[in-house]
Amino acid sequence: MIDLSKLREMRQMYDEGANLIEYLKNQGYDKDTLSEAIMISYDIQSGSYTRSDEQKPEVRENYTDALAKVLNQLDGFSSIMEAGVGEATTLSRLLPKLQQQNYTAYGFDISWSRIKYAQANCIKRLLQQVKLFTGDLFSIPIQSSAVDIVYTLHSLESNGGREKEALQELYRVASSYLVLLEPMYEWASEEGKARMDKFGYIKNLYDIIKELNYNVVEYRLLEYSVNPLNPTGLIIIKKEKSTEQDLESPLACPITKYSLSKEKDCYYSKEGLLAYPIIDSIPCLLPQNAVVATHFMDS
Ligand SMILES: C[S@@+](CC[C@H](N)C(=O)[O-])C[C@H]1O[C@@H](n2cnc3c(N)ncnc32)[C@H](O)[C@@H]1O
């Protein structure tokens, strides 16, 4: 476990120009500390995507033009979610470009501070209805087959070595399509590959998807990529839609996957008996946020 009493020092290191994820990964880690390292380093960098989006709006405009073109060709949908939504600089520019009307949009990220920025960006773009929460893509707080379109944009990127687990969990929650815009190691230059190896980026997504026997309907390089050393590929996976579910909310306890409902001042799973806090109006739905509350509903 990473020593959380060192957060202030880590923040200072970041302010002085250190690469935090590299620093944290060099401390030695297993898959749990990898997630923690990613969460801390992204959390400390919060605000940076919003600032760079303000300075160079064309980057997200180009990405969302390309993504909207893809999504507007898919079947109609009633819900869409960005996994690893960051500061919603992508989601908030994408939604106004979608032709579909009357849908619910969701976004989650492992970092609370990023979601705080995401909320502000959605409000700034008059998208108050977007439902944002913290969540880990390895235990997504969403019921199975509960969101029509699930997409990612460089969110799996830093989770090298955990590709299969990530794909299985994203596939579990999608009901119609899983759209991945992620770095394509196999199509990168030698220099790009070396960089991806150094940062522990994901590899060989397509081969792993084929091993999983998922139905890939599109696989190509995206027409736009911000960094030639980190080319963005597009993979669209189609899932046979299971019988229509009439869910009031797709939210689920990330541990038990039982449904979650808002009760009093938190989210609670009546079947799983676990409660999750809401901090500054952000539902905190990481597994480690669970509070054992077996008598929560007692009057
Ligand atoms: C490169 S950023 C991209 C953010 C966003 N998709 C965008 O287009 O602006 C990667 C994001 O994925 C999130 N992330 C990485 N691993 C995650 C995980 N295990 N669960 C949830 N979010 C994760 C990070 O916190 C970060 O915000």
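Here are some friendly notes on the structure above, taken point by point.

1. **Before you start.** Please keep in mind that this is a predicted model. Every residue number below counts from 1 along the chain, following the sequence as written.

2. **Who surrounds the ligand?** Begin with the ligand, which sits in the largest pocket. Which residues come nearest to the ligand? There are 21 residues around it, and those that come nearest are E82, G84, T90, D109 and L137.

3. **What kind of shell is it?** How do the residues of the shell divide into nonpolar, polar and charged? Eight are nonpolar, eight are polar and five are charged.

4. **Backbone atoms facing the ligand's nitrogens.** For G84, a backbone N or O atom lies 2.8 Å from a nitrogen atom of the ligand. L137 also places a backbone N or O atom by a ligand nitrogen, at 2.9 Å. For I110, the corresponding distance from a backbone N or O atom to a nitrogen atom of the ligand is 3.2 Å. How much of the ligand does the protein bury? Taken alone, the ligand exposes 590 Å², and the protein buries 98% of that.

5. **N121, a buried polar side chain.** Look next at helix 7, which covers residues 112-124 and holds N121. Is N121 buried or exposed? N121 counts as buried because its relative accessibility is 3%, and the cut-off for buried is under 20%. The side chain of N121 also has a partner: it makes a polar contact with the side chain of K124, at 3.2 Å.

6. **S145, a positive phi in a loop.** S145 is not a glycine, yet its phi is positive, near 50 degrees. Where does S145 lie? You will find S145 in the loop between strand 3 (131-134) and strand 4 (147-153). Its relative accessible area is 17%, so S145 is buried.

7. **K264, a positive phi in another setting.** K264 is also a residue other than glycine with a positive phi, of about 50 degrees. The loop that holds K264 runs between strand 8 (261-263) and strand 9 (266-269). Is K264 buried or exposed? With a relative accessible area of 60%, K264 is exposed, because the cut-off for exposed is over 50%.

8. **L20 and E22, two residues of helix 2.** Helix 2 spans residues 20-25 and includes E22; L20 is found in helix 2 as well. L20 is buried, with a relative accessible area of 2%, whereas E22 is partly exposed at 26%. How far apart in space are L20 and S41? Their C-alpha atoms are 5.5 Å apart, although 21 residues separate them in sequence. For E22 and Y224, which are 202 residues apart along the chain, the C-alpha atoms are separated by 27 Å.

9. **N62 and a distance to check.** N62 has its place in helix 5, residues 57-71. Its relative accessible area is 30%, so N62 is partly exposed. What is the C-alpha to C-alpha distance between N62 and R93? The two are 10.0 Å apart in space and 31 residues apart in sequence. You could check this pair yourself by selecting both C-alpha atoms in the viewer.

Conventions
This is a predicted model: local features need pLDDT of at least 70, side-chain atom pairs count only at pLDDT 80 or more; totals for chains, interfaces and linings use all residues. Side-chain values use heavy atoms; hydrogens and water are left out. A residue is near a molecule or strand if one of its heavy atoms lies within 4 Å of it. A polar contact is a pair of N or O atoms within 3.5 Å; within protein, one must be able to donate a hydrogen and the other to accept it, and residues adjacent in sequence count only if both atoms are side-chain atoms. Accessible areas come from the Shrake-Rupley method with a 1.4 Å probe; for residues, only the protein chains shown count as cover. On a 1 Å grid over the protein atoms alone, a cavity is a set of points where a 1.4 Å probe fits but cannot get out, and a pocket is an open set with protein on both sides within 12 Å along at least five of seven lines; lining residues have an atom within 4 Å of a point. A molecule sits in a cavity or pocket if more than half of its atoms lie within 2 Å of its grid points. Ala, Val, Leu, Ile, Met, Phe, Trp, Tyr, Cys and Pro count as nonpolar, Asp, Glu, Lys and Arg as charged, and the others, Gly among them, as polar. Helices (H or I, at least four residues) and strands (E, at least two) are DSSP runs, numbered from the N terminus. Buried means under 20% relative accessible area, exposed over 50%, partly exposed in between (1.4 Å probe, protein chains only).
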